[in-house]
Each structure stands twice: as structure tokens, then as C-alpha cells.
Amino acid sequence: MTVLVERRGAYAIVTIDNPPVNAVSLAVRQGLMAAVAQTEAEKDIAAVVLSCAGRTFVAGADVKEFDKPPVAPHLPDVIAAIEAASKPWIAVIQGTALGGGLELAMGCHYRVADATARMGLPEVTLGLIPGAGGTVRLPRLVDAELALTMIAGGKPISAQKAKDAGLIDLIADGDLLQTAFDLVTRSVACRPTLAMHVRGVTNDGAFEKISSDLLRKARGQHSVAVAIDALKRALIMPEADALAEERAAFLELKTSDQARALRHIFFAERASLVDPRAKLSPRPIERIGVIGGGTMGAGIASLCLMRGFAVTLIERDMTSLQAGGDRVHTVLEASSKRGLLPDLDAVLARFRTATDYAALADADLVIEAVFEDMAVKKQVFTELEKVTRPDAILATNTSYLDVNEIASCLRDPSRAIGMHFFSPAHIMKLLEIVLPESVADDVVSTAVKLSKKLGKIGVFSGVCDGFIGNRIMSAYRTEADRLLIDGADPEQVDAAMRDYGFPIGVFEMQDLAGLDIAWAMRKRRLAEGKLSQGYIRIADRLCELGRFGRKSGAGWYDYDGTKALPSGAVTAIVAEERQAMGKTAVVFSNEEVMSRILGAMHLEAQAVLAEGIARSAQDIDVVMVNGYSFPRWKGGPMFAAQDRLP
């Protein structure tokens, strides 16, 4: 049974058992309605405890039902029935109570939680708002500012924060059910949340600032603005009216293009590492080596440390090693100050540094993050093979290079794999797992497990120049250069991309990442005869002048501190290259600019798919959304092209 009702003395225990996350599917809603009727009919029941089987409370609605016509009983009606019950209902929360799960808990009269539980209303991440009373009940339990952050920001909070704010009544010190029984033995009465007064705004300035920041970060995602409006209505309107307005807004959003796009990427991310090899037993990973202490290597080392691994960082000399170690310490200390590392000393105790590869003799996995040069990377792998155990996995973080060739320098190439992190590695969610031809199945399985342990969204990629993401990015970056030759300027291209929903444009992005990295790749491809006819030299000329982006104080833009300013030098170079190519400048609209950028992106993505570099169009969308800031609410370039979103 999906919902089970048991008796324990004068109490009823209603248990939801709908693995894997106890989503409030139709069967659960029907079961809960029946449980309300049963417990109301049995006069000797004094109170009802609502619990969930498994590791989590209800972690949300059944997203698979969103594309189907709604079927009664609807969740708002289920929650209303619980809230109107004549006997107190106590929700016991373990794991997560998210979305409809938290709405269900708020419909109960009391709430107790495990100390590790987390609670949230993340509907905005699916292009929705809470649709079962979340915007109306939450501000009756917590201050309006926190309600705003949870509803329009979509971020969950800890059990302790929930207790301090008033969202839950108790944190269990021991058994959750016993804590609930202890609570009801105090003769608690029914306490409908909707009967409580709105907590209201404690600081008008703070509420408006949070709203403004959330709208700015939304970059065109409608659900954030709708969520803010729904909460504002709930603060001033009678509860029945606010509930009706919330439900109408939810139903309208549910069928919107943005919500469909966000559901698409939601399911695509969960399917990206589905593979028979992922089910095999992985090799044990406890000790990880990182070669290279630059920005990328230090980020990878920091991430591995934060996720519980022992890490040894290797650099070529003591000066570089000191700099690399300092970068790791800086990242860890910043994370500790944000409360992400409760025991910084314990994390640092797992960190070692060395200049001798022999320090990696006990490593289970080594990730190289050295300069993007084939000869250098092959030399690193050759040295690693001499000192590491034969079963240790050797991973390359290359962004562009041929992982088959890197693996070929090993006596046992099956132990080699590509793990392409994105900078900063301890923050960016994407990990491209690049599969060379010779890779062992259990090495693939280990990479999948490690990806999840590191909190990454992993995607399999075949071997080609740039893999999935950088290959597509190179194509639309080239199209952006063509737009300059045809008459646009960097400022317009970047503005058009921001208007579309990107956080920054392609030229701003290059300045942030550093122009020298792509320049090295282009010089390699030029030497290999791989650059196309009509190659545009603007970026090369900037690099020849030492304009490598923000780190050098100049790139596509000039910089006054961190402020980007249009550059006369860039304008002059663009004009010279345009004239050399016999082009006359034309005027583009921002829509025309984006049409060309998206066209180039989609054309290259189709080639990546046709060649088998990506396993599916959905994987391409996952890469571009999580690694290259394609607007999540447009689903990715493949979904956007298929669905003809503007």
C-alpha cells in the first residue's frame, strides 16, 4: 500500500511509502484522503502522526504528472482535509520536505524534524510557484523575508534554521516517532496554520532588496516574479482569496513554455549518467592526487577535500607548490566562513603537498590539471605510471586534447579517463566524463560514482577536439567573431546574449576565463592545419598585444578595476580586419545577433550528436545549461530549437 494506517495505542501512524522520494502522486493523495476519513471516524484516536518510509519525507510532487490532466483529489484538497481534522496531525520529517512535501507538513498542526532534515519550496526551479498553499501558509509560520527567500529563491533551509524561524516545533533528540508521541501527550490541540496571523514584513527595505536581487538573478524567468507577487498577495489578502490566486497562478505556469523547458532539463540531468557500466562495482576511492596547483587544480583539490577525500597536491617546484597550497587554503577558509565546512582543521589534516610524484604511491585516483599541451600531459602520465599502483585510475582534465592519445602512452590504457571540470571547479556543477576507446568498464563506473560524490552533474562525452561543450562553444564564438566582421561590436553581441538570458556574453566570458587558453588551442590547431578557411584573427591580435582579459587588465574590453569599458583599440583592430576581409559593416538588431549565435550553436550540436560524441540531444542541453550558462528556463539549445522558444 502507498499509504498505510497503523494504530499505536491512542495514536494513529499514517505512513507514506512511495519510493524513491515519497512524491505526492495520485495514489498517495488518494491514500491520504482515505487516512483522514478513517482517523476521523475512529473516535478513540487522539492524534495522528504523519511519517514516511525510507530516508526522506515527501520530497515533492510527482513531476511526471505535470504534463497530464490533473486528477482529483488534488493536493490542496488533501492538505485542507488534514488541516480541518478534529484531531491534531503531527508531521515527522526526515531527509527532505520539499515543494508539495513541505506544503503537506505545513497543513499538519505540528511539525518535528530530524536534526539533519532540510525543508524548502523549490518550485521556481521548475518554472512554477507553490500551488497547494505554500505561499499562504509559510508567511504564517516564518517572517516574510525568509518566506520570500524560500519561495522566490527556491533554496532549502536546515532543520535548525527552520526551528529558529518557527517553521517546525521540535528537533528530535533521538527517535522521531517517539518525539512526536511525547509532543501529543502534552494534550496539544489542533492548530490550523491558516488560522494563524501573517508574520508580515519585519524590514521593508530588506524585503524589497531581496525581491530586487532575485528578479535580477532570474534574468527573464517568469516564475520568480510570479512567486514574489503571490507572496505579497498572501501578506495582505484573506487566506481564501490568496489560496485561490496562488492556485490560478500555479496552473497557468504549469503549462507555460518555461515550465516545460525546466521540466525537460530536470529529467535530462537525471538521465545523463544512466548506463549499464554505472551499475558495476566501482574501484574504491579514498586518496586522490592532483597534478598542478593553478586555479583549476586548486579548485579540484579543494572540492575533493570538501567532499571527504584525502588529497595530495603536486607541483613542479616549491614556489609553485606554495602558491598552489595557498589557493587551496583560501578556498577552504572561504567555505568555512560561509558555514560549509564545520571542521576546517579536519579537512586540512587530509591535505598534503609535494614536488615528487612518488608521494602518489598510495593514490587511488590521480587527476592531472597541467598546461593544455599534449607533450606535457603525456609526460605527466608517463611519470604517473612509474609511481602509482597498477589499479590506480589516471584522469586528465584536458579541455580540448585527444584523450585517446594521452591514454596511449600507458602500458595499460584502460586505466585512463577524461574528467573535464569547469572553473571554478569547486563551484561549477558540470563534469564531462570523457571516454577513450580503451577505458575499462569499472573505471567508467568509478567516475560516475565520484561525480555524484563530488556533487557534480556528470555527462558522458566521446573524444573529439573540445568534447561536447567546448566544441559547441568554439562554434558560436567563431560566429560571434563573424558578427564583428559583418558590423556588430562586442558590446552589442554581449548585450544580445544577456537579453536572451545568459548571465554574460561571449566576449565578457572570454575576458573572464582568459584569452590565452583558447589562443593556445588555436595555435595548436593552426599547426595541425585544422583551422577553417576565412579564419578571423581578431582574438589572436589581442593576445599578441598581451590583452588576455581581466587578469591582464585588458582583453575584448578595457578594465577600470572590475568595470568593463568599450575599447578603442579593439574597435580599431576589428575595423582593420573587416577591411582586410573586404567586408562592409551592416547594422544588426539584437534579435538578429541571437539568431546567428543560436543557429551556430545548434548546427554544431547536431554534428556532435551525429558523430556520437554526445549520446543524446538531452545530454547536450545538460552540458550547455550547466557549463556554459545557457538559460535554464529555455531548456538548452536543442530543446529551444525543437520547441522554437524565442
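The model is a predicted one.

The secondary structure comprises 26 helices and 19 strands. The radius of gyration of the chain is 28 Å, which agrees with the value near 26 Å that a compact globule of 646 residues would have. Along the principal axes, the C-alpha atoms fill a box of roughly 85 × 60 × 45 Å. Of the 646 residues, 54% are buried. Among contacts in the chain with a separation of 6 or more, 73% are between residues 24 or more positions apart.

The charged side chains come next. The chain carries 73 positive and 80 negative side chains. The centres of these two sets lie 1 Å apart. Side chains of opposite charge can pair when their charged atoms come close. A search of the whole structure finds 41 salt bridges.

One of these salt bridges joins the side chains of D67 and R263, with an N to O distance of 2.7 Å. D67 counts as exposed because its relative accessibility is 57%, whereas R263 counts as buried because its relative accessibility is 3%.

A second pair is E315 and R316, whose side chains meet in a salt bridge at 3.7 Å, N to O. Here E315 has 12% relative accessibility and therefore counts as buried. R316 has a relative accessible area of 68% and is therefore exposed.

The salt bridge between the side chains of E383 and K386 has an N to O distance of 3.2 Å. Both residues belong to helix α15 (residues 374-387), where they are three residues apart, about one turn of the helix. E383, at 30% relative accessibility, counts as partly exposed, and K386, with a relative accessible area of 60%, is exposed.

A network of them links E479, R482, D486, K583 and R596.

Terms used: Residues are numbered from 1 along each chain as its sequence is written. This is a predicted model: local features need pLDDT of at least 70, side-chain atom pairs count only at pLDDT 80 or more; totals for chains, interfaces and linings use all residues. Side-chain values use heavy atoms; hydrogens and water are left out. Helices (H or I, at least four residues) and strands (E, at least two) are DSSP runs, numbered from the N terminus. The radius of gyration is taken over C-alpha atoms; the globule rule is 2.2 Å times the number of residues to the power 0.38. Buried means under 20% relative accessible area, exposed over 50%, partly exposed in between (1.4 Å probe, protein chains only). Contact means heavy atoms within 4.5 Å. Lys and Arg count as positive and Asp and Glu as negative; His and the chain ends are not counted. The place of a charge is taken as NZ of Lys, CZ of Arg, CG of Asp or CD of Glu. A salt bridge is a side-chain nitrogen of Lys or Arg within 4 Å of a carboxyl oxygen of Asp or Glu.
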